Amino acid sequence: MARVLTTCIYCGCGCGLYLESETCPERSRRDGMIVGSYPSRNHPVSKGALCVKGWNAYEFINKLDRLKAPLIKSNGGFEEVSWDIALEMVSRRLLKIKEKYGEEALGFLSSAKATNEENFLMMKLARAVFKTNNVDHCARLCHASTVVGLAATFGSGAMTNSINEFEDADLFLVTGSDTTEQHPLIGSRIINAVNDRGAGLIVVDPRKIELAKYATIYMAQDNGTDVAWINAMCNVIIKEGLYDKKYIEQRTENFEELKRTVEQYTPEYTEKITKIPRDLLVRAARLYAESKKAMIVYSMGITQHTTGVDNVKSLANLAMLTAHVGFASTGVNPLRGQNNVQGACDLGALPNVFSGYQQVTDDTARAKFEGMWKVKNLPSKPGLTVTEIFNEALKGNLKALYIMGENPVISDPDSNHIRKALEKLEFLAVNEIFLSDTAQYADVILPAGSFAEKDGTFTNTERRVERIRKAIEPVGQARPDWEILSEIARRCGYKGMDYSHPSQIMDEIAQLTPIYGGISYDRLDPFGLQWPCPSKEHPGTPYLHKDKFAKGKGSFLPCAYAAADELPDDEYNFVLSTGRIYWHWHTGTMSRRTSTLDREVPAGYVEINPKDAEKLKIKKGGRVKISSRRGEIETSAVVTEKVKEGSIFVPFHFSEAAANVLTNPAVDPVAKIPEYKVCAVKIEKI
Amino acid sequence: MKERLLKKDNVKALCVSASDQWETYVPLEGFGGDVQFTKLDNEKRELSLDKLNLNYEILTVPPKVTVFPQLESLFRFQDEKISETVKPKAPILLFGLRACDVKGILFTDDFFKRNFEDIYYLNRSMNKLLVIVGCKHPLENCFCTSTKTGPFLESGFDLQLVDIGNKCLVEIGSEKGQEFVSSYGKFFDEASKDDVECSKIAKRDAEEAVRLRLDFEEAIKKFCDDKVPREIYERIAERCIYCGGCLYVCPTCTCFNVFDDIKASSGGRYRNWDACVFAGYTREASGHNPRFEKWLRTSRRYEHKLKYDYLTTGTSGCVGCGRCLSSCPVNIGISQVIEEVSKR
């Protein structure tokens, strides 16, 4: 029996948890089994607690259907081959395609589940070895709007404050975040603050989420009308003189433009757009402005829109207006979903930046990376995003894709389009732990080690860089992604990925990445460090923008309201929103292989309002068909007041009733994030 | 009761020596001050024992995990061949338990024998030595004096150590305990009258240090008489986030789920910790669920500990350890329920 302290693989809370492992003397050393997972009592986030997923994280790791050997496509199925053959195939095919079509025909999808070190290597592979900036990952689908919006307004795209600061806040404005479902250890802190300390809570969500029952004010806006209600709050705050003149003067710029833009968003005007009663808008504005330690908390409901960037900028405006940035227990707090989506962004698995958000267009940045990586001519033009990669693949321009730990067939919008794009590729290689729906399309599948089988770091939503530790050897012949990526680089003739341990990769990262400058494995015990951590002595940073914004002065960037891309019409008369639930995780590859979680919610469903159900003669548990312009699915109905009339909600975890068969691939023009939260569908009982 | 003395300086050496004969579990401090019960690895035991911490606050998961792991295999099969994966009986030494946790183990021992003999549990558990190191600094969530499960026990242990400075008074509670002390006699000394007196004072001090005082008997009475207002359950059920933590960490919880993992014609059957607050726990094949509403599941959870366990065994299922509250993300604990029910 052995035990390691590691970080939970599920959400961005980044709870500290222990994995217990057992090696059977009769079995080989490679047959280690994880037999338990439980919380760290002293870890700042978990504090002795975990959500149900963390408590059951031990189970999926040793499932028999883990990929244990490299596979190549053969006769309609897959055939096991040696690592040597598989790796040769990947490197040679990628090089050949590069030679024939140019580096722009290649795409690299990194993984928000993989470690910081692995994300760094993926982007290094794409850039230094294949000379392309076509590297991206699933942040594109979730917080790309945040990265763009907060970088533009504040100069830094990350959560401004820390998780424990929730415990001291006076007020939470929670919008587009079903916090108790998706970030249970943060949602819990909100519940405690509200119930035990009398903190106020404003919830703005078209669905009556769990948190709404604790809300001082609950506003149910129509999907996609966020710029309007946020502008309305600014309108009231300015009109009633509740804004912080001194703060605005000293720390921000462009206030006059904000004032002009929000003038038309009176509560009455906004009620027409959003359906939020004007009195609630006024009360919410006053409550937010007058609370001293007020935290804005948001997630996909704000970001996953064609106006995602505008939504984020509007929240930033609201926070700056009332001096709620740059102090403890305040701020604009995007809750990052995946265990390491923050890290994947930080480490440059993005088409326009290297690690540390250093632009690829910046000559000095390129020169620095060229020097360290010992290459010349790193590509200087921003590459393709995930959403664009699939479009280009479908058009026939992108020929090869290398995907690490992602499942676009289930997670990307318009699944049929994704499947066609994958089919059209000349070459697809996938690093995976299970044979996912996406891996089914691969020419080569490389079996990867899970989080329990390697060392590395994850960065949680509060910018905490924390260790994961190896508990067992990789199962079967699986290898950690960092080893796989290094091998491919080596076989492509590149000598700069010669590491014997992930800590060396982190040392390289620290040299190239100012915000991680002081991070090294010997400094991460016991519970990590929060970036910015620019030097070896720096203790890390609990909250950002203290005294001044990352870019100096914060910029008000006011936005006009624009409706979602596809609203209901006569034929497709319902609004579909998609999202997540507590019991499962994203595309379900891990959670649906966990008995307790699977038992709670064994199959997909759709939430439908009782009045709509009655009109359509749909009963609880009844089968329904949902269709959109992209496709159709069959699923079971859950009749609930949680959704408004005329709206339905489908969680995206279930491949047999996949929400993304229906969703609209329209994206935000700058962030390129899809509009998962609004599209038009029709429903019928079957 | 017979007594001996164990100098603190001898503790490590005793553990090293004992681990030749016994699978020895001791509380070791790990990262950031987390202390967990860890099996001493014969190769690394001296090094590990540098991290021995008998003054720990609490073990996050109770020692039941040593005899009832979170996940264990029941049998494996390959084509037609089936092999039960019962752990061979081996003597285990649990050194450094708290009184409440020993009560927990005695409770689970009884459960796994009561209606059926659970060979997986019993093989791990039936040859064990329980050594209490009594609590000196009860935590704010502890209420063992109300449940009469600590900080020291009158019986149920093999050895009970009372910290009296740079030495511990060793109370021998069983024949097995006596045998152990005899076998490892060179580590133990004679206890003087003075030592015994000091131990009585230490015990009293520990008892007085338990701050949370509840009228536990009154609460049990009300539970058994079904006089618990539904409103209490409803309130808790609304706040609960259904993590299962309170039950996973409970020293007397024994529920488990069974599942199979099969690939082609080989695989295994496993069991893992379950919790009765989950809806799926009683959902029937038809989809009907007699305890679908949250408050019904909450009531099940508390009635199990405070009514049914008591009616079935004569002891309640609560050992006053306060873990459920410590591991609850939304600050719910059985102590609050006991307090409210006893006062109503």
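## A parallel pair in chain A

Strand 15 (residues 427-432) and strand 16 (residues 444-447) of chain A run parallel, paired over 4 bridges. Within this pair, E432(A) faces P447(A) of strand 16. The model is a predicted one.

## The sheet around the pair

Which order do the strands of the sheet take? In chain A, 7 strands line up as 5-4-16-15-14-6-7. The sheet is open, and its pairing is mixed. Strands of a sheet pair through backbone hydrogen bonds, in either the parallel or the antiparallel sense. At the edges of this sheet lie strand 5 (77-80) and strand 7 (135-136) of chain A. Each of these edge strands pairs on one side only.

Helix 2 (residues 83-101) of chain A packs on the sheet. This helix touches strand 4 (71-74), strand 6 (106-109), strand 14 (400-404), strand 15 and strand 16 of chain A. The direction of helix 2 makes about 130° with that of strand 16 of chain A. Helix 17 (residues 386-395) of chain A also packs on the sheet. Helix 17 touches strand 6, strand 7 and strand 14 of chain A. Its direction makes about 140° with that of strand 6 of chain A.

## Where chain A meets chain B

How many residues are in contact across the two chains? On chain A there are 49, and they contact 47 residues of chain B. The area buried between chain A and chain B is about 4000 Å². Carbon and sulfur atoms give 50% of that area.

The two chains share 5 salt bridges. K294(B) and E210(A) join their side chains in a salt bridge, at 3.5 Å from N to O. Several elements of chain A each supply at least two residues to the side that touches chain B. They are strand 1 (2-7), strand 3 (33-39), helix 1 (52-55), helix 7 (184-197) and helix 22 (595-600). By class, this side of chain A has 23 nonpolar, 12 polar and 14 charged residues.

## Backbone details in loops

The peptide bond from D525(A) to P526(A) is cis, with omega near -5°. P526(A) sits in the loop between helix 21 (502-512) and strand 19 (529-530) of chain A. In chain B, the peptide bond from G150(B) to P151(B) is cis, with omega near -5°. P151(B) belongs to the loop between helix 6 (144-147) and strand 8 (159-163) of chain B.

K131(A) is not a glycine, yet its phi is positive, near 55°. K131(A) lies in the loop that runs between helix 3 (116-129) and strand 7 of chain A.

Notes:
Residues numbered from 1 in each chain as written. Chains lettered and ligands numbered in written order. Predicted model: local features only at pLDDT ≥ 70, side-chain atom pairs only at ≥ 80, totals over all residues. Heavy atoms only, no water. Contact = heavy atoms within 4.5 Å. Buried area = accessible area lost by both parts, 1.4 Å probe. Salt bridge = Lys/Arg side-chain N within 4 Å of Asp/Glu carboxyl O. Nonpolar A, V, L, I, M, F, W, Y, C, P; charged D, E, K, R; others polar. Pairing = 2+ DSSP bridges. Axes fitted to C-alpha atoms, helices over the stretch in contact; angles between N-to-C directions.
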